[in-house]
Amino acid sequence: MEFFSWLQDTPFAHWVASDPSLLAYPTILTLHTVGMAIVVGTCVVMDLRLLGVGEGVPLPALQGAPRLVWTGFLINAATGLALFTTDAEHKSTQTVFFVKLALIFLALIVYGRIRTLVFRNPAAMAAPITSGVKALAVLSLMLWTGATIAGRLMAYLL
C-alpha cells in the first residue's frame, strides 16, 4: 500500500486530479474514452463480420485493424495509468479493477487468436468462417462488454 500512497501523492497525480484546466482530468478521461472506442469498436467490427454481419465487406479489408487496436490500446494504457494515479490507494483494492484488467487481458488473447486463425492465413480468409472462429468472436464480444462494464462500475463501487 505504501507504493500506491506514494503514487497517489506524486505531483503528476495531483495535477491530473485537481488542475482546473481542461488539459488535466477532462482531457485524459476523454482520451481514455476515445482509446476504448478505437480498441473495442475495431474488435466489435471484426467480430460482427466474422459472425456474418456485413458479409459484403471482404475480410482482407480488415487486415489493417491491428494498427487501430494497438494504437487504441496504447492510448488506453497511458491514460488509464494516469487516471489510476489519482486514486491509486482505492482503485488498487477494488476487485472490479482487477476483473476489468483480467477481462481486457483475455479479450486481447482472443483477439490475437482470431488474428492468427483468420487474418494471418490467406486460405482462411477465402474459406467459410468456422464455428470455432465464430465462438471466439462471440467470446470477444462478451469479454469487451464485460471489461467496459467493469470499468464503469469502478466509479460507483467502493
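Helix axes here are lines fitted to C-alpha atoms, over the stretch in contact, with angles running from 0 to 180 degrees between N-to-C directions; contact means heavy atoms within 4.5 Å. With that in hand, the axes of helix 6 and helix 8 come within 8 Å and cross at roughly 155°. Angles over 145 degrees count as roughly antiparallel, so helix 6 is roughly antiparallel to helix 8. Their crossing is left-handed, a label used when the near helix is turned anticlockwise from the far one by less than a right angle.

A word on what you're looking at: this is a predicted model, where local features need pLDDT of at least 70, side-chain atom pairs count only at pLDDT 80 or more, and totals for chains, interfaces and linings use all residues. Residues are numbered from 1 along each chain as its sequence is written, and side-chain values use heavy atoms, with hydrogens and water left out.

**Overall picture**

The protein chain has eight helices and zero strands, with helices being DSSP runs of H or I, at least four residues, and strands runs of E, at least two, numbered from the N terminus. Its C-alpha atoms fill a box of roughly 55 × 30 × 20 Å along the principal axes. Of its 158 residues, 36% count as buried, meaning under 20% relative accessible area with a 1.4 Å probe, protein chains only. Take the contacts between residues at least 6 apart in sequence: 79% of them join residues at least 24 apart.

**The cores**

A nonpolar core is a set of buried Ala, Val, Leu, Ile, Met, Phe, Trp, Tyr and Cys residues joined through side-chain atoms within 4.5 Å. The largest one has 25 residues, and M46, L50, L59, I114, V118, F119 and W144 touch the most other members.

| Element | Residue range |
|---|---|
| Helix 3 | 25-50 |
| Helix 4 | 65-85 |
| Helix 6 | 95-119 |
| Helix 8 | 131-153 |

Helix 6 is the top contributor to this core, with nine residues. Apart from it lies another core of seven residues, including A88, V96, A150 and M154.

What does L59 contact, leaving aside its neighbours within four places in sequence? The list is R49, L50, V118, F119, M125 and I129.

**Helix 4**

Helix 4 has 21 residues and reaches 30 Å from first C-alpha to last, close to the expected 30 Å, which is 1.5 Å times one less than its number of residues. Its buried residues include P66, G72, N76 and F84. Among the elements covering the buried residues of helix 4 are helix 1 (2-8), helix 2 (11-18), helix 3, helix 5 (88-91) and helix 6.

Note on methods: Buried means under 20% relative accessible area, exposed over 50%, partly exposed in between (1.4 Å probe, protein chains only). Angles under 35 degrees count as roughly parallel, over 145 as roughly antiparallel, 65 to 115 as roughly perpendicular and the rest as oblique.
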